[in-house]
Amino acid sequence: MNENPIRVRVPESSAAFLNGTGLVGAMDSQGLSTSRVPAGCNPLLDGLLSEAPAAWSDELELVTLTPGETLTPAGASPTHIVFPMGGLISLLVRSGPAANAEVEVAMVGRHDLVGAAALLGAEPSAHRAVVQVGGSAYRAPAASVRRLIETVPAIRSLLLRYVRMSLEEAYQLAACNSRHSLEKRLCRWLLQAHQRLESDTLPFTHDHIAQMLGVRRASVTVALHIIEGERLIRSTRGRVDLLDRARLQMAACECCGAIAHNRRSFSFGPAEAADRGAPACVPC
């Protein structure tokens, strides 16, 4: 397996946990790890490291993403670009004054990054990035990544292609939310979460799914029961298990296939890394 050498700054409170998972090696006298990060943890980071000057890897910091943590508040410019190696982050936009008026506009997993707005400048972002499922990630100062974009054309091309892919996905989701039934949108959302988490078990409550889709909890409960009745999923307290992903893809709206095709069209590293985990959704 190819490896990218980096030096990783780890907070003392996280060092024991991370050493226990084998992600971080022994610490040197400066509190830096001299371990190596296997390629494939995040294809975008792989592509960036392959083009960046070797010394730039010192900018990377290994962090733990905690459920409920806000990575970027609304109205602020992202201070860091975050490259998840697992877990799931939601980008939320407020649609009203109520406490639960935030709606999910994008999901971020280990094939993505958080802080794309900062790649285009230091202006405040309208969305909030919140960790839904915890994991590990690498992050680098946004200003440092912007300097790479200005000086390394290959990195500028890589990251701007990712921004374009994200915009195309946002356009598709806007059309989906305005035209398709809740049942089909729910199937699409479950498949997207499955792709990001790479797991058939999704740790979400009905309340959480309802907030992400911007609908009433009771409506989500009814829709889940309908899908469960087709034996596509099993919904229990605090989790949804995917039982038949192929049939769930058929039950989803055609946006599922369009989004998957869009992601496969933008390769951000070795083809096998970019395609791994992307659901081969079939238009219904």
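Which strand do 2 bridges join to β6, and how do the two run? In this predicted model, the partner of β6 is strand β10, which covers residues 128–133, and the two strands run antiparallel. The legends below take this pairing as their starting point and then turn to other parts of the structure.

**Figure 1. The pairing of β6 with β10.** The close-up shows β6, residues 70–72, joined by 2 bridges to β10. Within this pairing, T72 stands opposite A129, a residue of β10. Strands of a sheet pair through backbone hydrogen bonds, and they may do so in a parallel or an antiparallel way.

**Figure 2. An open sheet of 4 strands.** Read across the sheet, the strands come in the order β6-β10-β8-β9, and their pairing is antiparallel. The edges are formed by β6, residues 70–72, and by β9, residues 102–108, each of which pairs on one side only. When direction is ignored, neighbouring strands of this sheet are turned against each other by 35 degrees on average.

**Figure 3. The largest pocket and its lining.** Rolling a probe the size of a water molecule over the atoms shows where empty space is left. The largest pocket has a volume of about 450 Å³, and of the 24 residues that line this pocket, L91, A106, A116, S166 and L167 are the closest to its centre. At least two lining residues are supplied by each of β8 (88–94), β9 and α4 (153–179), and the largest share, 8 residues, comes from α4. By residue type, the lining of the largest pocket divides into 18 nonpolar, 3 polar and 3 charged residues.

**Figure 4. Helix α6 and the residue that follows.** Helix α6, made up of residues 206–213, is largely enclosed by the rest of the structure, because 6 of its 8 residues are buried. The buried residues of α6 are H206, H208, I209, A210, M212 and L213. After α6 comes G214, whose phi is positive, near 70 degrees.

Figure 5. The structure holds 0 disulfides. For C176, which is in no disulfide, the nearest cysteine sulfur is that of C253, 3.5 Å away; a disulfide would require the two sulfur atoms to lie within 2.5 Å. C176 is buried, with a relative accessible area of 0%, whereas C41 is partly exposed, with a relative accessible area of 24%.

Conventions:
Residues are numbered from 1 along each chain as its sequence is written. This is a predicted model: local features need pLDDT of at least 70, side-chain atom pairs count only at pLDDT 80 or more; totals for chains, interfaces and linings use all residues. Side-chain values use heavy atoms; hydrogens and water are left out. Two strands pair if DSSP finds at least two bridges between them. Axes are lines fitted to C-alpha atoms, for helices over the stretch in contact, and angles run from 0 to 180 degrees between N-to-C directions. Buried means under 20% relative accessible area, exposed over 50%, partly exposed in between (1.4 Å probe, protein chains only). On a 1 Å grid over the protein atoms alone, a cavity is a set of points where a 1.4 Å probe fits but cannot get out, and a pocket is an open set with protein on both sides within 12 Å along at least five of seven lines; lining residues have an atom within 4 Å of a point. Grid points are joined across faces, edges and corners, and a volume is the space filled by probe spheres set on the points. Ala, Val, Leu, Ile, Met, Phe, Trp, Tyr, Cys and Pro count as nonpolar, Asp, Glu, Lys and Arg as charged, and the others, Gly among them, as polar.
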